[in-house]
Amino acid sequence: MTESDNVPTISHLPEGCVTDILSITSPRDACRAASISKAFNSAADSDSVWEKFLPPDYRELIARAVSPVVFESKKQLYHLLSESYVLLDNGYLGLKLDRETGRKCYMLGARNLSITWGHDATYWKWGHVPESRFAEVGILRLVWWLDINGKIASGMLSEKTTYVAYLIFRITSNSWGLSAPGKAIVSLGGEINETSNVYLQQPLTGRRPRPRTQAHARAPRKEGWMEIKLGEFYCHDGEEGEVEMVFWEHDCRKSKGGLIVEGIELRPK
């Protein structure tokens, strides 16, 4: 059968009905639907559809942006927020939307972390590197042990979502002492996820037994930063509390230097 047979097709649905349908799909589905018909194309671009894909608190969030977030439509705003991090709260916190789902991603800049000895210029200094989205990163001069801690209110995250936390960093060409095994801890609401044998840098020589739990740094990021997984957690519906993410390495037999910390990133799994 064809439209010439006067048989109703999906293209004959009222635009309001099409809008309601698209609102319960996904951003990807809405974009694909635009090619089906003129009615779908109009509905797929409507503010009422893309409002559903944006986080419920998006107005409050973009009001905290360091620079004004300028947009002409909710679809444009969605794509703007999913392309790159928008800096909030004096530039210490980054917000981004997962392109596929619209769930919130966050990057806690190094200045938003608690770094032991971080305020003592003998051990750490603060400076800018062109590849970082933040004005300052933490640059390790010399310490005997590492303790890097980040916290974020669970209410800021997307509900009913499993998140993975990553430490984002670089290692300079003249680094030393960063190949000792550390520990990563992620906790929320009394649930603690702990990983042993977390390595910023793999030992160059010698053989060691393979531990049962371990995590290694990897460099999948275009900006040249590396990341290690600190752990994951589930953010329940309406859960209140604080997510704490920790990397520490307390092997004091050797000093450490040459580490650049950009921050801790939380991404939906």
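Close-up 1. Buried means under 20% relative accessible area, with exposed over 50% and partly exposed in between (1.4 Å probe, protein chains only). The ring centres of W50 and F53 lie 5.1 Å apart with the planes at 85 degrees, so this pair is edge-to-face. Rings of Phe, Tyr and Trp (its six-membered ring) pair if their centres lie within 6.5 Å; planes under 30 degrees apart are stacked, over 60 edge-to-face, and the rest tilted. W50 and F53 are 3 residues apart in helix α4 (residues 47–53), so about one helical turn separates them. Helices (H or I, at least four residues) and strands (E, at least two) are DSSP runs, numbered from the N terminus.

**Close-up 2. W50 and Y78.** W50 also pairs with Y78. This pair is tilted, at 5.2 Å centre to centre and 55 degrees between the planes. Ring pairs join W50, F53 and Y78 into a cluster.

**Close-up 3. Arginines over tryptophan rings.** The charged end of R111 sits over the ring of W126, 4.1 Å from the ring centre. R170 places its charged end over the ring of W225, 4.7 Å from the centre. A charge sits over a ring if NZ of Lys or CZ of Arg is within 6 Å of the ring centre and within 35 degrees of the ring normal.

**Close-up 4. Strand β3.** Strand β3 (residues 104–109) has 6 of its 6 residues buried, so the rest of the structure largely encloses it. In a regular strand, side chains alternate between the two faces of the sheet. Both faces of β3 are covered. K104, Y106 and L108 are buried on one side; C105, M107 and G109 are buried on the other.

**Close-up 5. Neighbours of β3.** Strand β2 (residues 93–97) runs antiparallel to β3, joined by 5 bridges. Two strands pair if DSSP finds at least two bridges between them. L93 has L108 as its bridge partner in β3. The hairpin of β2 and β3 has 6 residues between the strands, and G102 there takes a positive phi near 80 degrees. Strand β14 (residues 257–268) is also antiparallel to β3, through 4 bridges. G109 stands opposite G263 in β14.

**Notes.** Residues are numbered from 1 along each chain as its sequence is written, and side-chain values use heavy atoms, leaving out hydrogens and water. In this predicted model, local features need pLDDT of at least 70 and side-chain atom pairs count only at pLDDT 80 or more, while totals for chains, interfaces and linings use all residues.
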